[in-house]
Amino acid sequence: MARGFIEGGGGGNQSWARPVPVIGDATSARTRREDPAGWAMGESVVEALESVVGARRDIRRFRPDPVPTELLEAVLEAGHRAPSVGHSQPWRFIVVSDQATRDKAAHLADAARLAQADHLTEDRAARLLDLKLEGLREAPLGIVVACDRRTPALGVLGRATFPDADLWSCATAIENMWLTARAHGLGMGWVTLFDPADLADLFGLPEGVVTLGWLCLGWPDERPPEPGLQRAGWSTKTPLADVVLRERWSESAPARPVSHLRGPDEHRLVAATDDADDLLAPPDSLGVLDRALNRVVALGDRPIDGGTLVLASADHPVADLGVSPYAVSVTREVTEAAVAGTSMGAVAARTAGLDLRVVDAGVRGDDPVAGAIAARPRDPQGDLASADALTAADVDALLATGRDLGRRSAERGLVVLGEIGVGNTTVAAAVACALTGLDAVDAVGLGAGADAAILERKRAIVEAALARSAPSLTTAGSPADRAKAILAALGGPDLALLTGVVLGAVEGGAPVILDGLAGSLPGLLATRIEPAVQAHLIAGQRSRERAHAAVLRALGLEPLLTLRLRAGEGVGACLAASMLLQGLRMRRLAARTVE
């Protein structure tokens, strides 16, 4: 024990033991001076720490097995022990286990991923879309890290000069959690593929509380020896010498990094991936198709070897305003050919091994098309520009009829969407604008056989329709109410019926294959009514219609085919369904590996 020596004071030569605090730091200056490295925890601890830091990975594939409560608590406690500016502890951890919430988050991430790919070069975009960047649906737990920034920066020691230090504190909490998870054998993936406002809305965060993304937590279904993006050739590890500067910034410092700007149940989804990994082929050897197959397999509780094309046909009064080069009578003629099995859509369905159900949802004429399922609106339709397309009562009735049809079609396997109708690209453009925020000039395309004059008329009509309907759409309540209001103001009976088909098919547990713009809007409308629908949707194709890409981005779906088709009738979706069915057969018959 260090001792002090005091002269005088009447006590003679005398020494006392140094007062040692009973709490806090018990060391003395002498001790620290004589042994400056005395605070070290020992070589074994250092080696263990190096191992954990070196083995930390951003995990994207997870097992569905539950995470024990005590391990979750250990991870959260590690985050709560992080350093924070002014001891403000601004972090908040939202633990998510609900499948529906994780599906909604996955939808947001899918949409953000496609939006980012749109800004990349073609090669870089393809490589981005090939990467698996998150495991939101598979991981049994999600932890959303939020930063409570409502205390003014001047009120927190250290934030007056660096106002964002509270965000840095939350980042250190994430690192603590990440390392703790790794030490316990858990996998963690940090997902930032979100518009922060969308993620905040999902959890109802108050003003002044912001997110740092979503942490996927679970037992890893991969054990990568090095960082995933490095292993995938996306980038390489920068040498330490290139990022360390001495004393000051200099021109020899490294250049700025190159900018590349351009669900199902988790048990079944993981099982589908497991099954595919057993094939005698590289993982994801079928690219985008493999991911779609995983989704199809994860959704089904029985093998899928077929499906049904639901072909909805309707005329639209907007066709009388000169938006199409074809006579209105063409709708009935094509519908009759579909019933006879000779239209393009009917033939595409038959050659793909699909059943066909043709629905007369409003074909002009006194009588329904013979042989078609009759599901016509009861009230007169409006022309969009001057009057609502449908009444609210007709929207509800068509949705209900579609639901029933979708549930029955789901029994056969895949449910494939198709539509017939002169003028329906104008209707689809108006609905797409209302759903995605596109302007008419960006959404309206030529359509089959149209010319410049028709294009201008279509744009003018869509602009008029959007202006007329804006007051009623802005006052719609929930997203579901707004979707129904859009159908009533701007849609058509075919879109309303197919939206119901999507909802019914999902209730029946079937994958739904979307077609072009008009054949994809029912999917987007259905997700606004029931967000869980998105996990069941597969984009069959991307058509020539200008608004179609925006609709697919909003859905977070990457199309299987990009053939610049102008055909409606579900032709593109049937081609995609044929690929899916072939892919499923390949998986059943291909050679498998053994451990």
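Mentor: H14 and H16 are oblique to each other, because angles under 35 degrees count as roughly parallel, over 145 as roughly antiparallel, 65 to 115 as roughly perpendicular and the rest as oblique. In this predicted model, local features need pLDDT of at least 70 and side-chain atom pairs count only at pLDDT 80 or more, while totals for chains, interfaces and linings use all residues. Residues are numbered from 1 along each chain as its sequence is written, and side-chain values use heavy atoms, with hydrogens and water left out.

H14 covers residues 424-436 and H16 residues 452-474; helices here are DSSP runs (H or I) of at least four residues, numbered from the N terminus. Their axes lie 10 Å apart at an angle of about 45°, the axes being lines fitted to C-alpha atoms over the stretch in contact and the angle running from 0 to 180 degrees between N-to-C directions. The crossing of H14 over H16 is right-handed (the near helix is turned clockwise from the far one by less than a right angle; anticlockwise is left-handed). On the H14 side, Thr425, Thr426, Ala429, Ala430, Cys433 and Ala434 make the contact (heavy atoms within 4.5 Å). H16 answers with Lys458, Ile461, Val462, Leu466 and Leu473. By class, this contact holds eight nonpolar residues, two polar and one charged (nonpolar: Ala, Val, Leu, Ile, Met, Phe, Trp, Tyr, Cys and Pro; charged: Asp, Glu, Lys and Arg; polar: the others, Gly among them).

H13 (residues 392-410) and H18 (residues 493-507) also pack at an angle of about 45°, with their axes 6 Å apart. That angle makes H13 oblique to H18, and the crossing of this pair is right-handed. From H13 come Leu398, Leu399, Thr401, Gly402, Arg403, Leu405, Gly406, Arg407 and Ala410. They meet Pro493, Ala496, Leu497, Thr499, Gly500, Val501, Leu503, Gly504, Ala505 and Glu507 of H18. The contact divides into 10 nonpolar, six polar and three charged residues.

The remaining pair to describe is H19 (residues 517-529) with H20 (residues 548-555), whose axes come within 10 Å and cross at roughly 30°. H19 and H20 are therefore roughly parallel to each other, and they cross in the left-handed sense. H19 contributes Leu517, Ser520, Leu521, Gly523, Leu524 and Thr527 to the contact, and H20 contributes His548, Val551, Leu552, Ala554 and Leu555. Seven of the residues in this contact are nonpolar and four are polar, with no charged residue.

How values were computed. Helix = DSSP H or I, 4+ residues; strand = E, 2+ residues; numbered from the N terminus.
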